[in-house]
Amino acid sequence: MYQLKQIPEDFVVKEISKVEFADQGKFIYCKLKKENRTTLDAIKEIAKSLHLREKEIGFAGSKDKHALTEQLISLPIEKKEKLAQIRLENISVELIGYGNQPISLGDLEGNEFEVVVRNLEKSSIKPAAYCENYFDEQRFSVHNVAIGKHLIKKEFPEAAKLIDEDKCTAHLHHYPHDFIGALKKLPLRLLRMYVNAYQSYFWNETVAQYLLNQGKVVKEIPYSLGKFIFVDNPEPLSELAIPVIGFASEELENEEIKNIISALLIKEGLTYSDFVIKQIPELSLEGNFRNVLVEIKDLQIGRATKDELNAGKNKVTLKFSLPKGSYATMVIRKILS
């Protein structure tokens, strides 16, 4: 079995930003480099070091934990002179420009990847122009999907009990029955991450069922929440988008996809209206669309060389870029047999 991320240097991610720089501005734009840290964890520590609220640090998207990653963040201009004081493990922050707008989620074109695939024997790599655009394991963690479903179903005590956050726990210590208040102590972007994780799981299930119905299945790969279904000749589906479910998804026109979603809602014990969360309105999400396929750009496959970390095995380096929100690990699943 091939192996990814055996060491952090095996998985390098560089953000392709669409942020425009200015000669001066209200914000400084910095390059955040991290190793074996989640983006939210890095933001939390930087905020603490600079005496900022976490929401005052802008970033365009979350990057892999078990990797070497580079991305832009924005900070208030008055923190410029404090950057040199940041001393954090496996985290560096470098000033590279200025602007008048904070960086927001989505302010990127995509990501460039350089991935070393190890522990190979005679596994073949089959180039592909497109890949099924599933959300991969790193989206879900251990409890994220369960927490997200509890929030959608208004099961706030169950959600709070699964969340391992000091602010939440401290609030419940003083107010044992105020679960909504405890949840509101957490950053909104963290709570949204849980709801997004459930939406992502639901989207994966919808796409897998649709592809089972539509195409010749060439590969099924189990993962913690189900199966990834890959089909032969996916290109005809390159323009198809399926909703990431929310309260507005009921208006979908494609009857086949709508029927799949309706059956999954029954299985999950949910309705479209459950995605309206009046107790925490900021978590109410109307849904959006995500392409079933993603284009793999600039794919380069290196030659096999001796794997110095696994005796008798080979390694191969892959380079490619993907649009924002797509997973390099899914490309590996697709092209490696």
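**Reading the second largest pocket**

Modeller: The lining of the second largest pocket comprises 10 nonpolar, three polar and five charged residues. Please bear in mind that this is a predicted model.

Biologist: How much space lies in the second largest pocket, and which residues that line it are the closest to its centre?

Modeller: As a general idea, rolling a probe the size of a water molecule over the atoms shows where empty space is left. In this case the second largest pocket holds about 360 Å³ of space. It is lined by 18 residues, of which Lys126, Val218, Val231, Asp232 and Lys334 are the closest to its centre. Strand 8 (217-223), strand 9 (226-231) and helix 8 (328-335) each give two or more residues to this lining.

Biologist: How many salt bridges does the count come to, and which parts does the pair of aspartate 10 and arginine 118 tie together?

Modeller: Side chains of opposite charge can pair when their charged atoms come close. The count here comes to 17 salt bridges. In one of them, the side chains of aspartate 10 and arginine 118 meet at 2.7 Å, N to O. Aspartate 10 lies in the segment before strand 1 (11-17) and arginine 118 in strand 6 (residues 108-120), so the pair links parts 108 residues apart in sequence.

Biologist: At what angle do the axes of helix 2 and helix 6 cross?

Modeller: The axes of helix 2 (residues 144-152) and helix 6 (residues 188-214) cross at roughly 100° and come within 7 Å. Helix 2 is therefore roughly perpendicular to helix 6. Residues making the contact include Ile147 and Leu151 of helix 2 and Tyr194 and Tyr198 of helix 6. The residues of this contact divide into 11 nonpolar, two polar and one charged.

Methods. Residues are numbered from 1 along each chain as its sequence is written. This is a predicted model: local features need pLDDT of at least 70, side-chain atom pairs count only at pLDDT 80 or more; totals for chains, interfaces and linings use all residues. Side-chain values use heavy atoms; hydrogens and water are left out. Axes are lines fitted to C-alpha atoms, for helices over the stretch in contact, and angles run from 0 to 180 degrees between N-to-C directions. Helices (H or I, at least four residues) and strands (E, at least two) are DSSP runs, numbered from the N terminus. Angles under 35 degrees count as roughly parallel, over 145 as roughly antiparallel, 65 to 115 as roughly perpendicular and the rest as oblique. Contact means heavy atoms within 4.5 Å. Ala, Val, Leu, Ile, Met, Phe, Trp, Tyr, Cys and Pro count as nonpolar, Asp, Glu, Lys and Arg as charged, and the others, Gly among them, as polar. On a 1 Å grid over the protein atoms alone, a cavity is a set of points where a 1.4 Å probe fits but cannot get out, and a pocket is an open set with protein on both sides within 12 Å along at least five of seven lines; lining residues have an atom within 4 Å of a point. Grid points are joined across faces, edges and corners, and a volume is the space filled by probe spheres set on the points. A salt bridge is a side-chain nitrogen of Lys or Arg within 4 Å of a carboxyl oxygen of Asp or Glu.
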